[in-house]
12 protein chains.
Amino acid sequence: MKLLLVQGANLNSLGNRQGNTYGATTAEQLDTLLKQHALSFNYDLEIFYTNLEGEAINKVYESVEAGVDGILANPAGFTYNAYALRDCLKYVKPPYIEIHLTNIDQRNIRSVMSEAALGMIQGFGIDSYFIALEAMLKVLSKKV
Amino acid sequence: MKLLLVQGANLNSLGNRQGNTYGATTAEQLDTLLKQHALSFNYDLEIFYTNLEGEAINKVYESVEAGVDGILANPAGFTYNAYALRDCLKYVKPPYIEIHLTNIDQRNIRSVMSEAALGMIQGFGIDSYFIALEAMLKVLSKKV
Amino acid sequence: MKLLLVQGANLNSLGNRQGNTYGATTAEQLDTLLKQHALSFNYDLEIFYTNLEGEAINKVYESVEAGVDGILANPAGFTYNAYALRDCLKYVKPPYIEIHLTNIDQRNIRSVMSEAALGMIQGFGIDSYFIALEAMLKVLSKKV
Amino acid sequence: MKLLLVQGANLNSLGNRQGNTYGATTAEQLDTLLKQHALSFNYDLEIFYTNLEGEAINKVYESVEAGVDGILANPAGFTYNAYALRDCLKYVKPPYIEIHLTNIDQRNIRSVMSEAALGMIQGFGIDSYFIALEAMLKVLSKKV
Amino acid sequence: MKLLLVQGANLNSLGNRQGNTYGATTAEQLDTLLKQHALSFNYDLEIFYTNLEGEAINKVYESVEAGVDGILANPAGFTYNAYALRDCLKYVKPPYIEIHLTNIDQRNIRSVMSEAALGMIQGFGIDSYFIALEAMLKVLSKKV
Amino acid sequence: MKLLLVQGANLNSLGNRQGNTYGATTAEQLDTLLKQHALSFNYDLEIFYTNLEGEAINKVYESVEAGVDGILANPAGFTYNAYALRDCLKYVKPPYIEIHLTNIDQRNIRSVMSEAALGMIQGFGIDSYFIALEAMLKVLSKKV
Amino acid sequence: MKLLLVQGANLNSLGNRQGNTYGATTAEQLDTLLKQHALSFNYDLEIFYTNLEGEAINKVYESVEAGVDGILANPAGFTYNAYALRDCLKYVKPPYIEIHLTNIDQRNIRSVMSEAALGMIQGFGIDSYFIALEAMLKVLSKKV
Amino acid sequence: MKLLLVQGANLNSLGNRQGNTYGATTAEQLDTLLKQHALSFNYDLEIFYTNLEGEAINKVYESVEAGVDGILANPAGFTYNAYALRDCLKYVKPPYIEIHLTNIDQRNIRSVMSEAALGMIQGFGIDSYFIALEAMLKVLSKKV
Amino acid sequence: MKLLLVQGANLNSLGNRQGNTYGATTAEQLDTLLKQHALSFNYDLEIFYTNLEGEAINKVYESVEAGVDGILANPAGFTYNAYALRDCLKYVKPPYIEIHLTNIDQRNIRSVMSEAALGMIQGFGIDSYFIALEAMLKVLSKKV
Amino acid sequence: MKLLLVQGANLNSLGNRQGNTYGATTAEQLDTLLKQHALSFNYDLEIFYTNLEGEAINKVYESVEAGVDGILANPAGFTYNAYALRDCLKYVKPPYIEIHLTNIDQRNIRSVMSEAALGMIQGFGIDSYFIALEAMLKVLSKKV
Amino acid sequence: MKLLLVQGANLNSLGNRQGNTYGATTAEQLDTLLKQHALSFNYDLEIFYTNLEGEAINKVYESVEAGVDGILANPAGFTYNAYALRDCLKYVKPPYIEIHLTNIDQRNIRSVMSEAALGMIQGFGIDSYFIALEAMLKVLSKKV
Amino acid sequence: MKLLLVQGANLNSLGNRQGNTYGATTAEQLDTLLKQHALSFNYDLEIFYTNLEGEAINKVYESVEAGVDGILANPAGFTYNAYALRDCLKYVKPPYIEIHLTNIDQRNIRSVMSEAALGMIQGFGIDSYFIALEAMLKVLSKKV
């Protein structure tokens with residue numbers, strides 16, 4: 001089982017930001033935890049960080065061509081206006097699950113990408129990632 | 001560990017509805033699956049169905065008095081205007097996690113209750129329940 | 001042929017209200033007239049008054065289980081925000097016809113329940129009830 | 001008893017339209033059914049088709065001068081912006097009842113002419129005409 | 001002189017809420033203070049707590065039948081959409097005065113029930129109750 | 001000096017309308033008064049009544065071809081949506097002055113045709129016509 | 001016959017402004033023309049310039065006490081938000097006629113003061129003043 | 001205890017207005033009643049009438065410098081847009097209580113000054129003043 | 001191949017308008033050019049000018065009955081509110097292509113008739129006609 | 001004659017998308033057809049695919065520097081918010097023509113880039129490209 | 001070089017306000033600093049404090065008559081609705097530069113006066129004044 | 001002291017644009033002037049031009065890592081929707097000052113990036129750059 005995780009704009013700065021809305025875990029620490037999770041749940045995980053929406057689109061098309069089974073993304077800075085990435089995720093076959101560290105509904109933010117998502121997980125800090133990955137495994141296991 | 005699950009307006013008719021947006025599982029079948037999940041994950045689960053918002057409010061206050069650790073709800077018919085239930089969930093201490101069978105963002109619906117939620121799970125059909133319950137266990141295990 | 005008529009919030013006070021927008025016929029007088037109509041047109045009519053939206057929902061589900069053929073309602077106080085009742089009426093099989101004493105379009109009011117209605121009759125005072133019941137009989141006679 | 005029925009823009013094409021929102025009955029077939037109804041209920045019915053709002057206004061003033069007792073109309077293509085016809089119907093004495101084949105509230109359309117209507121009948125297909133005509137007879141019988 | 005005070009949704013939890021927008025006085029303590037006030041100002045006071053809008057409507061009709069002279073309410077959770085309760089308060093004769101602990105205009109909240117109120121008192125914490133009761137006595141003393 | 005006065009939809013019924021917003025002067029009486037005014041102020045006046053926006057447009061083009069010096073109109077029923085007539089009046093050379101019997105700003109109505117007007121006179125009952133005609137004479141006398 | 005003309009904010013700079021929307025006539029020249037008009041039409045005219053809305057209100061109350069017969073105003077800079085002056089003009093007895101140099105509907109500006117006006121004259125440059133004064137004379141002559 | 005009462009735009013005309021929304025009590029009569037109230041409740045009251053928002057601001061700063069304990073205002077004509085006065089009342093220390101003769105919520109008016117108010121009293125006619133003054137005494141007695 | 005071209009309100013004045021948004025070609029010159037184009041591309045073209053929306057509707061139904069293959073229209077003055085013509089074009093079978101001389105998107109205008117169009121050509125001056133006719137020929141040639 | 005065609009976000013996936021709104025022609029097949037068209041109509045065509053708005057901007061500046069005569073673009077995923085690309089197209093000299101496969105007006109989408117376009121072609125599937133290219137040739141031939 | 005600085009409503013209370021959004025510098029201290037700046041940069045500075053918009057308008061006209069070279073203003077309490085002052089600043093010749101202590105865009109406030117400003121400086125606390133004055137000197141030095 | 005200046009989308013074309021809203025200075029000439037300014041005011045300045053928002057984000061993170069003291073940007077084409085760049089500037093420590101050549105408030109444009117700015121300078125043409133740089137030096141000198 002091969003999964004792609006797209007880390008949207010600014011997530012490279014995780015853990016080093018001013019204020020503490022987003023917690024102290026850095027991007028590097030998160031990656032380590034995600035890799036461990038992939039190991040114990042026995043799946044392939046590619047993590048892709050980018051600050052350019054177009055690069056994310058290119059990556060999605062490449063991964064689909066390479067046979068990825070599911071796509072997850074934390075849109076972060078792309079949340080507000082990544083219409084092109086949204087269209088891209090609607091055009092391709094593998095299911096897409098969206099992740100947010102905070103409960104964006106509570107902060108009165110609307111994700112334009114949600115329109116392409118099978119499901120959404122939001123508000124659990126970095127646990128949102130693990131909950132979303134396990135949800136994706138549930139979804140894919142049903143397809144087999 | 002004691003959890004309360006509030007099933008909002010119209011969920012009693014699950015599985016018997018016209019159309020197939022909400023799947024074929026009936027409320028009774030869902031309850032059986034939820035009870036099994038509680039057993040294997042070793043927690044107490046009370047499931048409360050109601051079509052009256054005021055009854056849901058009464059139930060939340062009773063459960064909190066009785067020492068409930070976490071509250072989950074699928075607002076269903078309450079999604080659109082349960083402001084009083086929202087206030088109630090904000091006033092009490094235990095964390096609240098919100099569940100939706102469908103991805104309501106995709107259907108352009110906004111839950112007024114989301115403002116009171118720690119986190120939200122939406123779009124995975126009845127799997128939304130199990131994902132939310134496991135997320136609640138993750139949240140509560142950190143508090144201890 | 002079995003029909004259910006739901007009388008929404010505040011209709012119990014019919015005929016005793018201040019002002020004269022709604023006429024002088026009381027709820028009791030209306031009930032007598034409706035029962036006579038049912039007798040001469042040879043159908044079963046249950047009239048259900050309630051000020052609680054949830055009770056109306058419960059009643060609808062009960063009646064459907066008991067084999068009701070058609071549902072009529074004067075939403076009255078429910079007109080403005082009975083979203084849950086609307087969903088309920090959309091989920092069940094029997095056709096729903098909506099009744100208003102006054103022409104609510106003229107008074108610039110929009111019924112949120114209209115979305116669930118097969119048809120609407122409005123503006124004829126208490127005659128709206130009889131016109132709606134005869135319309136329901138026309139609709140049901142075609143189904144046989 | 002003399003009644004005028006105004007058939008608004010595009011109703012001449014009834015039954016020949018693409019799609020099937022409006023049923024298969026043609027304008028000619030409808031006219032025959034309406035004439036039979038007038039015969040058995042013993043009233044005079046003039047049916048007037050037009051695609052020009054101004055012609056409809058002229059016809060209303062002529063009919064009123066000729067002593068018409070009640071006016072019915074299916075605005076059809078005039079639904080969206082016939083403000084002048086609306087004012088005309090408000091200025092004249094005979095009651096006006098509005099007819100729609102479909103439940104326009106459900107299709108999120110608002111008739112600007114409704115402001116001039118005593119009552120409205122919508123959603124019953126061509127039965128909307130017969131229900132409306134019988135409602136008009138009820139209204140006029142009270143006046144005598 | 002007989003007065004009814006309706007305590008809307010969630011007021012049962014007063015004094016036990018998280019945060020301190022609403023002060024530390026509990027519902028029980030407030031009731032004792034209100035009873036003392038009734039004693040020293042020499043009037044009858046019934047206090048009615050409910051989380052169900054329909055129960056509030058029923059109570060209002062009962063009290064009016066039993067000859068209540070004035071009605072006060074802190075809508076609390078009913079503030080946002082109790083249209084049916086609003087209509088009920090408009091239909092009955094006794095004057096209605098609305099109470100809010102906080103200045104809701106400042107918090108950008110609009111009470112749908114205000115449309116039925118003779119007057120409003122807001123922003124004085126639990127003193128809002130005593131100011132409102134004394135205002136009601138002023139209003140009623142003029143009627144005699 | 002040749003002037004055209006367009007009388008918009010429903011003005012033919014002036015003086016015979018229900019209610020008394022528009023006064024008791026009939027269209028015929030108004031015409032007589034206008035003709036006298038033209039005589040004493042020494043100008044040519046053509047008065048054109050129509051319930052069809054398209055006829056008004058045709059008339060404007062004809063009059064312009066025939067050398068009219070100024071155009072006045074009381075849009076009446078055309079006030080709300082005569083966009084095509086507005087465009088026509090913008091395309092032609094002679095100045096256009098708009099007339100309203102009532103102060104439409106006070107009634108919260110906006111004339112879509114005002115965009116084409118040099119000036120507007122509103123709120124003076126039928127005096128609005130005479131004030132407007134004298135204003136037009138002032139305007140034209142400056143051009144010579 | 002005594003009339004008051006209020007010249008709103010910035011009208012003192014008339015004729016000296018940048019751009020040429022408002023013409024070359026200065027405030028002094030306008031005053032001379034207005035005085036001549038008063039002489040030949042035989043009425044008393046007080047012209048009051050102010051840049052302070054409150055001063056305009058004070059002046060209106062004084063003039064009313066002194067027996068003024070009619071009030072005219074060019075709101076100019078007060079057009080956008082002189083709600084208090086509007087209320088003042090609604091509270092007093094003498095009729096109020098509003099003047100604008102330009103056609104403000106065409107410039108998509110709405111005068112908040114129009115709600116208090118019997119009638120409005122707009123779009124004729126400084127001729128708007130003379131047309132309005134003659135309209136006021138017509139109005140007052142009818143009252144005698 | 002020293003209190004300032006600001007009487008906003010047009011309140012000088014109280015009791016002499018057209019229509020009867022605001023009662024027959026004149027400003028002079030109200031002042032006498034207020035002075036008597038101050039005497040029997042043993043506090044100092046300065047009443048300040050003005051039609052200029054800026055004068056009200058100046059007065060507030062002077063009074064604060066002179067040691068005023070509480071500020072009350074009936075914004076009246078200032079209700080709609082006195083943003084500067086609102087800011088002023090937010091910048092100074094003494095509490096501000098807002099007064100309205102009528103229930104402005106019912107008339108669909110929103111006071112921009114409410115954002116600066118500790119509490120509001122509205123709808124009790126001139127009794128609103130006395131209720132507000134007694135409410136202020138309650139508030140100030142707690143501070144000591 | 002038979003085509004119908006509907007020329008909407010005001011197009012008869014083409015080339016004689018004030019300003020130069022629409023170019024100097026007159027309606028007559030345009031017709032000659034269109035006829036030449038029909039000749040060289042070998043198709044039948046009927047050009048129909050009208051200022052009445054209802055006449056356009058009548059013409060469309062006639063042409064369809066007579067076997068027209070495609071319909072083109074420059075809505076011009078009908079652009080803003082020809083809802084009835086739009087419905088008519090949706091009801092009939094032949095494809096409809098919409099033409100505009102200017103780029104209406106750039107002028108912030110939305111055509112209500114676009115909803116019925118297979119495709120649109122806008123912004124090329126009178127070349128828009130020839131581009132649209134050639135596009136129609138491409139579309140129809142595929143159907144054969 | 002040198003032309004640039006910008007293919008916006010996601011157009012690389014043409015023909016491989018889910019659903020069939022966009023037809024079965026792949027990007028490669030389209031390119032071949034376009035090259036043939038360029039050959040037979042005798043012009044130079046550069047086709048540039050990109051998922052990054054900034055790359056499109058860079059390409060436009062380069063082409064302009066290299067002497068391109070006209071620019072065409074199918075914005076696709078850039079349709080919704082490519083404000084910077086829009087500004088760029090407005091700053092440069094060569095005319096810009098916009099292309100859409102579907103009638104976006106019908107799908108209720110507005111292109112932010114249309115503001116920079118001389119003209120638009122939409123709704124003809126891949127024929128939109130050829131119609132647009134021929135329209136560009138017409139436009140450029142006039143300039144010479 | 002002569003400059004006028006208008007200090008809008010409530011700026012007299014600078015440094016004595018509750019909270020600390022606006023810093024501790026008082027109006028007097030600010031004036032001293034500004035005078036020193038004028039001395040060292042060799043220009044004439046008049047500082048004018050007012051809480052009345054109309055007084056500000058009067059002052060602007062006087063200063064312009066007296067030959068002022070540039071006008072600066074911190075609108076403060078006038079920010080929200082000083083439309084008349086805005087018009088005044090647009091009518092006069094000298095350039096106007098707007099100053100805000102805080103970044104009002106960040107606080108979601110829009111200055112209605114900005115429409116008249118050559119440029120704006122906001123967000124630098126009292127340094128905003130010095131930056132704005134030096135910017136004004138730059139602007140004026142170019143004109144010479 | 002090290003400063004970064006980000007030049008947003010399309011600024012590379014400065015001085016070569018059609019129209020003259022933005023002046024005749026080219027990007028190269030501006031760079032020379034900025035370098036001279038840095039020299040005479042003794043600070044380090046890196047100027048970074050890009051048409052890709054993501055590249056700007058990457059550059060900001062790099063510069064912060066390299067110890068930059070302050071960040072300035074002219075968003076230009078990024079003004080309308082660079083939400084991700086805005087978040088980036090909020091996450092990092094060094095102050096951000098925003099620059100616009102024109103007064104964007106006057107052109108009714110709102111910068112989404114302003115939310116992250118300490119202060120803004122707009123409307124002074126290329127002088128906006130020098131005013132902003134000197135403002136930044138003032139800000140940083142206080143921190144030492």
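A salt bridge is a side-chain nitrogen of Lys or Arg within 4 Å of a carboxyl oxygen of Asp or Glu. By that rule, the count between chain A and chain B is 4 salt bridges. The model toured here is a predicted one.

**First stop: the interface of chains A and B**

Select chain A and chain B together. On the side of chain A, 25 residues are in contact with 25 residues of chain B. The two chains bury about 2100 Å² between them, and carbon and sulfur atoms give 47% of that area. Next, select Asp105(A), Phe124(A) and Lys138(A): these residues supply 26% of the area that chain A buries against chain B, more than any other three residues.

**Second stop: polar and charged pairs**

Display the side chains of Lys142(A) and Asp127(B). They meet in a salt bridge, with 2.6 Å from N to O. Across the interface of chain A and chain B, 14 residue pairs are in polar contact, both residues of each pair having pLDDT of 80 or more.

Which elements of chain A give two or more residues to the side that touches chain B? They are strand E5 (119–122) and helix H4 (127–143). Select H4(A) first, as this helix provides the largest share, 8 residues. Coloured by residue class, the side of chain A that touches chain B divides into 11 nonpolar, 7 polar and 7 charged residues.

Now select residues 119–122 in both chains. Strand E5(A) and strand E5(B) pair in the antiparallel sense over 3 bridges. Within this pairing, centre the view on Ile121(A), which stands opposite Ile121(B) in E5(B).

Keep chain A and chain B in view. A rotation of 180 degrees, with 0.0 Å of shift along its axis, superposes chain A on chain B with an RMSD of 0.0 Å. Which C-alpha of chain A is nearest the axis? It is that of Ile121(A), at 2.5 Å. The copies meet through the same surface, because 100% of the interface residues of chain A are also interface residues in chain B.

**Last stop: chains I and J**

Finally, select chain I and chain J. Chain J is superposed on chain I by a rotation of 180 degrees with 0.0 Å of shift along the axis, at an RMSD of 0.0 Å. These two copies are therefore related as by a two-fold rotation axis. To locate that axis, select Ile121(J), the residue of chain J that comes closest to the axis, with its C-alpha at 2.5 Å. Since 100% of the interface residues of chain J are also interface residues in chain I, these copies meet through the same surface.

Key: Residues are numbered from 1 along each chain as its sequence is written. Chains are lettered from A and ligands numbered from 1 in the order in which they are written. This is a predicted model: local features need pLDDT of at least 70, side-chain atom pairs count only at pLDDT 80 or more; totals for chains, interfaces and linings use all residues. Side-chain values use heavy atoms; hydrogens and water are left out. Contact means heavy atoms within 4.5 Å. Buried area is the accessible area (1.4 Å probe) that two parts lose on being put together, summed over both. A polar contact is a pair of N or O atoms within 3.5 Å; within protein, one must be able to donate a hydrogen and the other to accept it, and residues adjacent in sequence count only if both atoms are side-chain atoms. Helices (H or I, at least four residues) and strands (E, at least two) are DSSP runs, numbered from the N terminus. Ala, Val, Leu, Ile, Met, Phe, Trp, Tyr, Cys and Pro count as nonpolar, Asp, Glu, Lys and Arg as charged, and the others, Gly among them, as polar. Two strands pair if DSSP finds at least two bridges between them. Copies are superposed by least squares on the C-alpha atoms of residues with pLDDT of at least 70 in both.
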